Amino acid sequence: MKTTFGRRTRVLAATTATAGLVLVAGCSSDDGGSGTKTAAGGVELVKAGRLTTCTHLPYPPFQSEIDGKVQGFDVSLIDLVADDLGVKQAILDTPFENFKTGAFLNSHECDLAAAGMTITAERKKNVDFSDPYFEATQAVLVDKKSGISSFADLKGKKVGAQAQTTGEDYAKSKGLDPVSFESSDAVINGLRTGQVQAVVIDYPVVQGWLKDKANADAFQVAEQINTGEQYGFTVEKGNTKLLAAINKALADAKADGTYKKLYEKWIGPYDESAASPSPAA
């Protein structure tokens with residue numbers, strides 16, 4: 001995933017699975033109008049009546065602004081958690097470095113982070129991850145006229161990647177020196193404008209981008225690389241009640257078909273392995 005340095009945070013609107021989400025906090029379903037920060041199941045929230053989610057935009061199809069509202073696969077899944085807690089979801093756009101350190105969770109500006117984030121041992125030192133909800137792979141995206149047909153062909157080429165992501169890490173681990181871009185949009189635009197000859201980026205991002213016929217006519221995936229990555233949502237270390245609520249919502253969604261429906265809406269044809277049935281270690 002991604003990073004942006006020196007960027008101010010923004011509270012943004014989002015859509016829920018059933019209705020529009022407003023920015024202003026109301027009261028949780030069990031607070032009797034008193035403004036308590038305790039939601040259903042005894043989950044303590046940083047703001048009464050809302051589940052505050054830290055993310056980093058844009059990262060389609062997981063979260064991006066569409067028609068003035070933040071929408072996407074991650075947003076829809078966390079909406080399910082908010083529904084279970086009897087509150088609404090509010091989204092805070094923040095720099096990605098805070099996701100790795102857990103800064104915005106520790107300072108109680110957010111209840112959780114949802115940003116298409118790969119579960120890693122290093123990140124587990126600072127935050128607690130939910131059960132994995134998505135199996136991620138990396139993709140080599142190229143211009144169809146480039147002559148590049150595999151990752152091996154990238155040697156000696158100018159390659160782009162998103163800064164501080166696992167895609168960038170993978171490229172570096174294989175001896176490449178990728179050009180770093182701030183966001184997924186910037187990476188792809190770098191390829192489109194000829195700043196780089198290829199990019200290494202999470203495959204779901206490419207999958208969504210290639211849905212546009214103009215993009216698909218000019219660009220293609222040269223290779224899809226299985227790096228064994230899984231995405232997870234994060235909470236402050238020790239926040240067991242919220243973590244349990246997230247894991248329950250994910251398990252219920254997979255059991256009743258909601259996960260499959262949302263996957264097909266935001267990402268594409270459903271692959272059973274994408275459900276990531278194995279809990280995070």
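Modeller: Two strands pair if DSSP finds at least two bridges between them; strands (E, at least two residues) and helices (H or I, at least four) are DSSP runs numbered from the N terminus. This model is predicted, so to speak of local features we need pLDDT of at least 70, side-chain atom pairs count only at pLDDT 80 or more, and totals for chains, interfaces and linings use all residues. Residues are numbered from 1 along each chain as its sequence is written, and side-chain values use heavy atoms, leaving out hydrogens and water.

Colleague: Which strand does β10 join through 9 bridges?

Modeller: Strands of a sheet pair through backbone hydrogen bonds, either parallel or antiparallel. Here β10 (residues 134-143) runs antiparallel to β14, and V140 has E223 of β14 as its bridge partner.

Colleague: What is the strand order in the open sheet?

Modeller: The 5 strands run β12-β11-β13-β10-β14, with mixed pairing. At the edges, β12 (179-181) and β14 (219-231) each pair on one side only. From one strand to the next, the twist averages 25°.

Colleague: And how do helices α1 and α10 pack?

Modeller: Two packed helices are described by the angle between their axes and the distance between the axes. Helix α1 (residues 73-85) meets helix α10 (residues 258-266) at about 155°, with axes 9 Å apart. Axes are lines fitted to C-alpha atoms, for helices over the stretch in contact, and angles run from 0 to 180 degrees between N-to-C directions. That makes α1 roughly antiparallel to α10 (over 145 degrees).

Colleague: Which residues make the contact?

Modeller: F73, S76, L77 and L80 of α1 touch T258, Y259, L262, Y263 and W266 of α10 (heavy atoms within 4.5 Å). They divide into 7 nonpolar, 2 polar and no charged; Ala, Val, Leu, Ile, Met, Phe, Trp, Tyr, Cys and Pro count as nonpolar, Asp, Glu, Lys and Arg as charged, and the others, Gly among them, as polar.

Notes. Angles under 35 degrees count as roughly parallel, over 145 as roughly antiparallel, 65 to 115 as roughly perpendicular and the rest as oblique.
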